[in-house]
Amino acid sequence: STLFPYTTLFRSLFIVPLDSHEGQAVVDGTTGLVLYRLGRTEEGRASLNRAIRAFEGLPAPHARWMAQQVQASFLAGDFEAAPKEMNRLALTVPLVNSAQLRGDLRDVFRISARWKTIPEVGQAREILRTVANEVDTSE
């Protein structure tokens with residue numbers, strides 16, 4: 001959902017100490033999403049990549065941040081990075097059974113639908129669709 005970065009940051013202030021590794025990762029991820037929205041795509045991607053790497057051993061937050069990065073890339077018009085990110089996300093999705101991730105995936109399919117005629121995007125959507133069980137992938 002579009003409120004994910006803000007609600008995550010707010011909750012993290014109470015749940016995860018900011019001096020912890022995970023706390024810093026949440027700040028990096030949220031900062032990355034804000035930078036994307038400000039049009040600072042490269043800085044946003046670098047910050048989000050730090051968050052994604054920090055959660056590599058935890059599939060649920062790892063997949064959620066990856067899904068957020070996919071959405072941010074599409075919304076920033078980066079149609080070269082977004083399909084690659086979708087393909088990486090497809091590797092993690094089967095490891096997670098989460099209502100939040102299913103919501104994130106619905107958003108990925110909704111946002112990416114506009115560009116499904118781009119061959120790389122269409123292929124990435126199909127790959128993600130094959131692993132996104134129980135997610136409404138209709139447009």
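Colleague: At what angle do H4 and H6 pack, and how far apart are their axes?

Modeller: Bear in mind that this is a predicted model. H4 and helix H6 (residues 99-112) pack at about 15°, and their axes are 9 Å apart. Angles under 35 degrees count as roughly parallel, so H4 and H6 are roughly parallel to each other.

Colleague: And which hand is the crossing of H4 and H6, left or right?

Modeller: Left-handed.

Colleague: Which residues meet there, between H4 and H6?

Modeller: From H4, they include Ala63, Ala67, Val70 and Phe74. Among those they meet in H6 are Leu101, Asp104, Val108 and Ile111.

Colleague: Switching to H3: which residues are buried?

Modeller: Thr41, Gly44, Arg45, Ser47, Leu48, Ala51 and Ile52. The buried residues of H3 pack against H2, helix H4 (59-75) and helix H5 (81-92).

Colleague: OK, on to H2. What does H2 reach from its first C-alpha to its last?

Modeller: H2 reaches 25 Å with 17 residues, close to the 24 Å expected at 1.5 Å a residue. After H2 comes glycine 39, with a positive phi near 85°.

Colleague: What about threonine 30, buried or exposed?

Modeller: Threonine 30 is in helix H2 (residues 21-37). Its relative accessibility is 4%, so threonine 30 counts as buried, the cut-off being under 20%.

Colleague: Which backbone oxygen does the side chain of threonine 30 reach?

Modeller: That of valine 26, at 2.9 Å. Val26 is also one of the buried residues in H2.

Key
Residues are numbered from 1 along each chain as its sequence is written. This is a predicted model: local features need pLDDT of at least 70, side-chain atom pairs count only at pLDDT 80 or more; totals for chains, interfaces and linings use all residues. Side-chain values use heavy atoms; hydrogens and water are left out. Helices (H or I, at least four residues) and strands (E, at least two) are DSSP runs, numbered from the N terminus. Buried means under 20% relative accessible area, exposed over 50%, partly exposed in between (1.4 Å probe, protein chains only). A polar contact is a pair of N or O atoms within 3.5 Å; within protein, one must be able to donate a hydrogen and the other to accept it, and residues adjacent in sequence count only if both atoms are side-chain atoms. Contact means heavy atoms within 4.5 Å. The expected span of a helix is 1.5 Å times one less than its number of residues. Axes are lines fitted to C-alpha atoms, for helices over the stretch in contact, and angles run from 0 to 180 degrees between N-to-C directions. Angles under 35 degrees count as roughly parallel, over 145 as roughly antiparallel, 65 to 115 as roughly perpendicular and the rest as oblique. A crossing is left-handed if the near helix is turned anticlockwise from the far one by less than a right angle, and right-handed if clockwise.
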